Amino acid sequence: MRIPFVAALTATLVFSFVPGATALTLKPFKDELFAYPGLIAREDGGSRLVVDYRELRDINERDEVPERRVKGKYVRLSVRSAQKDLSLKTAQGDIRHFAVGNAEGASAIVVYVHGQGGSRKQGVDDFTFGGNFNRIKNLMWENGGLYLSPDFSEFGPKGVKEMAALLDHYAGRSPGAPIVVACGSMGGAICWGLADDPAIAGRLAGLMMLGSFTSDDFARSAAYKRKVPLYFGQGSKDAVFPVDTQEAMYKRLKGANYPVRLVRFETGTHGTPIRMTDWRDVLNWMLAR
């Protein structure tokens, strides 16, 4: 799937990593519960994994109410004390968003961009998707970071500009903090749009595509030139965005010696990567680079 090139934004968004900064390694949080349940294949030195996903085990045995409420051992709700529902005034309009953790002086910033039909509330729901959003909230809080889950008006250029304005604001309050943007499903349009902009790419530590689509234009983007690490998480039975396109893009990038990883959840469907991706594993790989 192709998306149009998104023009570079204003000069106010120019920012880059602090030279000589020490890479952050996220401390564990419930790693034993969120580890991949088993591997069918491990290839390319661990860059490509095929995970043994089973709905009966990974949904029905994990959730009190399947797909609605995870069992209590998977979450820690005290993180809600560090969570705020905010509205940021920008030149692109008011941007509603949840912020969890350090709004200033953050060690790193992780942004979740929802897909079609979602909202900022999805990315802070403690009980859906197997508690995986509760985990990323706790990971960022425990490690001095900031987690953001925003609303935006569209998946096109205006939405990209809104997300760029949000990043500009929080990057200014946490100079030098690496930024990772994770995009679910159609939210991938925002990730690919941000990748096109040189000012944004200068600050990105990684892009995560969670059950999303590929971009034919990525190899011409500013993020590609900077070799911003890229992660694909995809279910093998995703009927919305077929896994074959992810596999093909992974193969092309890997052949070009690009920092890319792909985790294929065998028998998984469209929402499986949001539930099953190991946030700490992916983020530590990105932050180490």
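## A buried phenylalanine to start from

Let's begin with Phe-213, which is buried at a relative accessible area of 2%; buried means under 20% relative accessible area, exposed over 50% and partly exposed in between, using a 1.4 Å probe and protein chains only. Before going further, please note that this is a predicted model, in which local features need pLDDT of at least 70 and side-chain atom pairs count only at pLDDT 80 or more, while totals for chains, interfaces and linings use all residues. Residues are numbered from 1 along each chain as its sequence is written, and side-chain values use heavy atoms, with hydrogens and water left out.

## Aromatic rings

Searching the whole structure gives 10 aromatic pairs. Rings of Phe, Tyr and Trp (its six-membered ring) pair if their centres lie within 6.5 Å; planes under 30 degrees apart count as stacked, over 60 as edge-to-face and the rest as tilted. Phe-213 and Phe-241 make a tilted pair, with 5.4 Å between centres and 50° between planes. Phe-213 sits in the loop between β10 (204-210) and α7 (222-225), and Phe-241 in the loop between β11 (230-235) and α8 (243-255), so the pair ties together parts that are 28 residues apart in sequence. The helices and strands named here are DSSP runs, numbered from the N terminus: helices are H or I with at least four residues, strands are E with at least two. Phe-241 is buried too, at 11% relative accessibility.

One aromatic cluster brings together Trp-192, Phe-218, Tyr-224 and Tyr-258. Elsewhere, the charged end of Arg-69 sits over the ring of Phe-127, 3.8 Å from the ring's centre. For this, NZ of Lys or CZ of Arg must be within 6 Å of the ring centre and within 35 degrees of the ring normal.

## The nonpolar cores

In soluble globular proteins, nonpolar side chains tend to be buried together. A nonpolar core here is a set of buried Ala, Val, Leu, Ile, Met, Phe, Trp, Tyr and Cys residues joined through side-chain atoms within 4.5 Å. The largest one has 48 residues, and those touching the most other members are Ile-109, Val-181, Leu-207, Phe-218, Leu-230 and Phe-232. Helix α4 (residues 157-173) supplies the largest share of this core, 8 residues. Another core, of 36 residues, lies apart from it and includes Leu-49, Val-51, Tyr-112 and Ile-136.

Which residues does Phe-232 touch, not counting residues up to four places away in sequence? Among them are Trp-192, Met-209, Gln-246, Tyr-250 and Arg-261, where contact means heavy atoms within 4.5 Å. Gln-246 is found in helix α8 and is buried, with a relative accessible area of 0%. Leaving aside neighbours within four places in sequence, the contacts of Gln-246 include Phe-213, Phe-232 and Leu-262.

Trp-192 belongs to helix α5, where Gly-188, Cys-191 and Leu-194 are also among the buried residues. In α5 (residues 188-196), 9 of the 9 residues are buried, so this helix is largely enclosed by the rest of the structure.

## The sheet

An open sheet is formed by 10 strands in the order β1-β2-β12-β11-β10-β9-β7-β8-β6-β5, with mixed pairing; two strands pair if DSSP finds at least two bridges between them. At the edges stand β1 (39-43) and β5 (83-90), each with a single partner strand, so one side of each has no neighbour in the sheet. From one strand to the next, the twist averages 20°.

Strands β6 (residues 93-101) and β8 (residues 146-150) pair antiparallel over 5 bridges, and Phe-98 stands opposite Ser-149 in β8. Helix α4 lies across β5, β6, β7 (109-113), β8 and β9 (179-184), at about 50° to β6. Axes are lines fitted to C-alpha atoms, for helices over the stretch in contact, and angles run from 0 to 180 degrees between N-to-C directions.

What share of strand β2 (residues 48-52) is buried? The count is 5 of the 5 residues, so β2 is largely enclosed by the rest of the structure. Arg-48, Val-50 and Asp-52 point one way, and Leu-49 and Val-51 the other way.

β1 and β2 run antiparallel, joined by 4 bridges, and Glu-43 has Arg-48 as its bridge partner in β2. With β12, β2 pairs in the parallel sense over 5 bridges, and here Arg-48 stands opposite Leu-262. Arg-261 also lies in β12 (residues 260-266); its C-alpha atom is separated by 4.8 Å from that of Tyr-231, 30 residues apart along the chain.
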